[in-house]
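Please keep the sequence and the structure in view while reading.

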Amino acid sequence: MSDKLWIFDTTLRDGEQVPGCQLNTQEKIIVAKALEDLGVDIIEAGFPISSPGDFKSVEEISKAVSNPIICALSRAVQKDIEVAADSLKYAKKGRIHTGIGVSPEHIKYKLRSDPDEIIRRGVAAVKLARNFVDDVEFYAEDAGRAEHDFLAKIIEEVIKAGATVVNIPDTTGYCLPEQYGGFISMLKNRVPNIDKAIISTHCHNDLGMATANTIAGVQAGARQVEVTINGIGERAGNTSMEEVVMAIKCHGSIPVETSIDTPKIYGTSRLVSKLMNMPVQPNKAIVGRNAFAHSSGIHQDGVLKHRENYEIMDPKDVGVAESSIVLTARSGRAALKHHLDALGVELEGEELREVYEQFLLLADKKRDIGRKDLMSLVGKYVSDSNFVELISVGYSSNGNITSQVKLKVGEKEYSETAEGNGPVDAVLKAIEKIVEPQVELEEFLIQAMTAGSDDVAKVHMKVIKNDVPYFGFSSNSDIVLASAMAFVDALNKIPVKEYATT
């Protein structure tokens with residue numbers, strides 16, 4: 001029987017320390033409820049002494065969720081611990097997370113202390129915290145650069161003092177997997193009372209090793225992992241929850257199991273990304289938009305024949321509806337036929353060969369091949385009456401933002417107006433009023449391509465229809481126009497649409 005691996009999510013504490021990603025209390029509650037629904041065991045809700053807002057957030061999250069343990073961070077300082085305890089008064093299950101630096105660098109240069117005093121302060125903090133809660137976690141900050149003898153000694157003493165969890169952070173992301181796993185093994189072998197506490201990992205990604213180090217720690221005996229959604233956190237980030245959970249799920253040789261409801265991973269990732277205004281990099285493992293996208297002809301052919309040829313997990317296992325077969329100059333006939341079939345165009349033999357040759361010529365010129373391009377290539381076999389063309393976009397402001405949009409759908413032209421929170425919002429709403437595509441705009445990114453007041457903006461959009469993602473791209477010096485063009489580009493990649501007109 002596999003051991004329980006406790007998932008300690010610190011998205012709302014360590015993750016929220018990313019500059020520009022701060023959430024208000026209501027947003028934190030939304031994330032906390034999503035984490036509860038996802039199945040995390042512990043939510044580190046904040047650092048209460050740091051600000052009134054953080055205190056309130058811990059307090060309100062404690063009221064809002066029922067199943068996870070709610071954890072509040074503190075330093076090994078009396079006032080910190082007392083404030084943390086007060087913030088947890090409404091928690092159904094509360095934990096105080098207290099600790100102190102243990103590396104030679106932290107002891108000498110940060111704390112300006114000595115090893116004996118550090119042990120004394122750590123023990124005193126745990127004892128004080130136990131006066132308020134039964135569940136106390138001790139963090140040995142910068143354990144990744146600590147001396148083995150000292151680390152073993154302080155861990156033994158804080159467990160004697162009542163620590164139920166001992167956290168061994170690689171605070172600076174310095175360790176290699178063999179080193180980090182070695183710390184956990186050393187504690188298992190040298191600390192006589194280690195069986196009285198759960199060993200926890202907390203790894204940072206400064207060298208890109210956070211997930212590997214965490215897995216190494218689990219393999220060595222750690223039974224709690226401290227993670228964040230999308231791997232967000234200080235500097236280069238923390239260990240990514242989705243990576244650890246899916247690595248364990250894919251490798252049956254790791255004798256642990258989690259309570260994570262994995263099909264909810266993708267939705268939780270998008271929620272955090274949206275609320276924190278922090279895009280997920282396209283090539284991010286598990287939740288990046290390219291994680292299940294295939295553009296190479298060899299890969300596309302293999303996936304279409306048998307998904308497991310190039311995918312080690314089913315996209316549905318993490319909440320992604322299906323893999324994406326992206327048409328580029330590297331695509332093969334199998335991918336082209338796959339897309340044509342979706343459009344209801346069945347070509348075989350010489351007809352397919354002829355269209356494929358024209359497709360390659362076009363793909364060498366264009367970065368992205370869409371529905372319009374395909375329909376043009378096979379124009380002598382089919383006609384397209386639903387293609388959307390953007391004719392004009394305008395907007396005005398007189399207290400409210402009002403847009404004016406003109407589209408051509410098939411052979412007919414339509415005009416519509418709409419109000420919105422801003423010009424982009426108003427324009428997209430006007431487009432939707434004309435075509436009523438019933439799509440969900442899930443991702444909207446704007447990037448500057450040039451420097452100066454006349455910047456050219458590149459817009460990327462992702463829309464969802466019937467659980468399938470479609471991408472739109474455009475660039476223009478007018479951000480509003482570029483956004484409208486990208487939205488229309490995405491709509492035109494949906495194979496089958498029924499447009500309503502006004």
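## Helix 6 and helix 7

Helix 6 (residues 148–161) packs against helix 7 (residues 177–190) at an angle of about 55°, and their axes lie 10 Å apart. The model is a predicted one. Angles from 65 to 115 degrees count as roughly perpendicular and those under 35 degrees as roughly parallel, and helix 6 and helix 7 are therefore oblique to each other. Their crossing is right-handed.

Which residues make the contact between helix 6 and helix 7? Helix 6 contributes H148, D149, L151, A152 and I155, while helix 7 contributes F183, M186, L187 and R190. Sorted by class, the contact of helix 6 with helix 7 has six nonpolar residues, one polar residue and two charged residues.

## Helix 1 and helix 2

On the side of helix 1, the residues in contact are T25, K28, I29, A32 and K33; on the side of helix 2 they are G53, D54, K56, S57, E60, I61 and A64. The contact of helix 1 with helix 2 divides into four nonpolar, three polar and five charged residues.

## Salt bridges

How many salt bridges does the count come to? The count comes to 37. One of them joins the side chains of R120 and E117, with 2.8 Å from N to O. Both residues belong to helix 5 (residues 115–130) and sit three residues apart, about one turn of the helix. R120 has a relative accessible area of 48% and is partly exposed; E117, at 26%, is also partly exposed.

K433 forms a salt bridge with E416, and the closest N and O atoms are 3.6 Å apart. K433 is in helix 15 (residues 423–435) and E416 is in strand 15 (residues 412–420), so this pair links distant parts of the chain, 17 residues apart. Are these two residues buried or partly exposed? K433 is partly exposed, with a relative accessible area of 37%, whereas E416 counts as buried at 16%, because buried means under 20%.

E442 and K462 also form a salt bridge, with 3.3 Å between the closest N and O atoms. E442 lies in strand 16 (residues 440–448) and K462 in strand 17 (residues 457–465); the two are 20 residues apart, and the pair links distant parts of the chain. E442 is partly exposed at 24% relative accessibility, while K462 is buried at 4%. Salt bridges can also be linked in a network, as for K153, E156, E157 and K160.

S269 is placed in helix 10 (residues 265–275). Its relative accessibility is 0%, and S269 counts as buried. Which residues does S269 touch, not counting those up to four places away in sequence? S269 touches I229, N230, V280 and V287.

L352 lies in helix 13 (residues 349–365) and is buried, with a relative accessible area of 9%. Leaving aside neighbours within four places in sequence, L352 is in contact with L336, K337, L340 and L347. L352 and F487 are 135 residues apart along the chain, and their C-alpha atoms are separated by 30 Å.

## Positive phi angles

Most residues other than glycine have a negative phi. D142 is not a glycine, yet its phi is positive, at about 65°. D142 is found in the loop between strand 6 (135–141) and helix 6. With a relative accessible area of 0%, D142 is buried.

N230, one of the residues that S269 touches, also has a positive phi, near 65°, in a residue other than glycine. Where does N230 lie? N230 lies in the loop between strand 9 (224–227) and helix 9 (241–250). The relative accessible area of N230 is 12%, and N230 is buried.

How values were computed
Residues numbered from 1 in each chain as written. Predicted model: local features only at pLDDT ≥ 70, side-chain atom pairs only at ≥ 80, totals over all residues. Heavy atoms only, no water. Salt bridge = Lys/Arg side-chain N within 4 Å of Asp/Glu carboxyl O. Helix = DSSP H or I, 4+ residues; strand = E, 2+ residues; numbered from the N terminus. Buried < 20%, exposed > 50% of the residue type's maximum accessible area, 1.4 Å probe, protein only. Contact = heavy atoms within 4.5 Å. Nonpolar A, V, L, I, M, F, W, Y, C, P; charged D, E, K, R; others polar. Axes fitted to C-alpha atoms, helices over the stretch in contact; angles between N-to-C directions. Parallel < 35°, antiparallel > 145°, perpendicular 65-115°, else oblique. Left-handed = near helix turned anticlockwise from the far one by under 90°.
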